[in-house]
Structure formats: structure tokens, C-alpha cells
Amino acid sequence: MTNSKVKFLTKAAIIAALYIVSTMLISPIAFGENQVRISEALNVLVYFTPSAIPGLFVGCILANLSSPFGIIDIAFGSIATLLAAFTASKIKNKYLVGIPSILFNGLFVGFILYKMASIPFVAGFISVSIGQAVSLYAVGLPLLLLIEKNQKLRSLLSD
């Protein structure tokens, strides 16, 4: 295995671990209709490195093992994070990089809440989207700006 592959996998594993830990620390508000999953703020890392995509996906899968919605959330919630991370990685405007996470999670998790908890889809979509926006713009954007200004942090994430 080449050094660049090892670096890629190491960064992905660290991001996955950060996602899991930050979800578990706030687990009472990380699941359900009115969720603010602070770990979703890590989606901004795709702005700096493609290794964030598998890191976020694997982190979400493992964090969702604690979901009250079981395999449905493990599968579809994690797919929402994967699609959001991949889409966000194509966005070059740092102020818009959080939008895919808001939309994909609003749609997918809103649907999960509709099917599993009988919450009207529109209400679930709005609630989850608001929680995502809080996570991405109250925590994620400041994190992105901090990394952008800090050469050492940027170099740790760069490929």
C-alpha cells in the first residue's frame, strides 16, 4: 500500500472516529424529530479533503448503530450523509458547502421519521433541516473558516 493511500485511509478513519464520538456525546439530541447532530458539522471537511467522504459515511454508519430506528436509519441515514458529502465535495463556495447536508438529511431522515415515527414528512423535513443548518452554520462554517486560516490544520487535511 502506498504512502498516499495510507494517509487517505488514516484521515478517513480519524474523521469517522470524530463523527462517532461527537454523535455519542450528544446522543439525546442526535436522533429523532428535533435533532441537532453536531457531528454533521464535520461535513465541511470535504471542502479540504476527499478522505472526508468515506470518513463521514463510515462514521455515520457506526454512530447510527445507536439509532432508535435501527437498520433503516443505519442504511438510509448513512446514505444521506454519503450523498451529501459527495455532492458538497464538488462545491467550491465555502458558504454553500453545507447545503447538500441540509437537503439530503432533511429528505432522507424526514422520510425515516415519517415511516418509523408517523411524523408528517414535511414536519420531519423542516425539523431535521433546521437541525442540520444549526450544526453546519453554527459549528461547521466556523470550523471551516478556522481550518482555512490555520496553515497547520490545512496541511493536515490536504492530500
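Select helix α3 and show its side chains: its buried residues pack against α1 and α4, where contact means heavy atoms within 4.5 Å, and helices are DSSP runs of H or I with at least four residues, numbered from the N terminus. This is a predicted model, in which local features need pLDDT of at least 70 and side-chain atom pairs count only at pLDDT 80 or more, while totals for chains, interfaces and linings use all residues. Residues are numbered from 1 along each chain as its sequence is written, and side-chain values use heavy atoms, with hydrogens and water left out.

Within α3, colour Ala52, Ile53, Gly55, Leu56, Gly59, Cys60 and Ala63, which are its buried residues (under 20% relative accessible area, with exposed over 50% and partly exposed in between, for a 1.4 Å probe and protein chains only). They lie on the same side of α3, because they cover an arc of only 165° around the axis, the arc being that of the directions from the helix axis to the C-beta atoms.

Next, select α4, residues 70–88. Its 19 residues should span 27 Å at 1.5 Å a residue, and its end C-alpha atoms are 26 Å apart, which agrees; the expected span is 1.5 Å times one less than the number of residues.

Now switch to a surface and pick Ile71, Ile72, Phe76, Ile79, Leu83 and Met116, a nonpolar patch with about 510 Å² of accessible area together. Patches join residues with over 30% relative accessible area and no salt bridge, nonpolar side chains (Val, Leu, Ile, Met, Phe, Trp, Tyr) within 5 Å and like charges within 9 Å; areas come from the Shrake-Rupley method with a 1.4 Å probe. Helix α4 gives the most to this patch, with 5 residues.

Finally, which side chains meet in a salt bridge? Select Lys94 and Glu148, whose N to O distance is 2.7 Å (the criterion is a side-chain nitrogen of Lys or Arg within 4 Å of a carboxyl oxygen of Asp or Glu). The pair links distant parts of the chain, 54 residues apart, with Lys94 in the loop between α4 and α5 and Glu148 in helix α6 (residues 121–149). A search of the whole structure finds 1 salt bridge.

Methods:
Helices (H or I, at least four residues) and strands (E, at least two) are DSSP runs, numbered from the N terminus.
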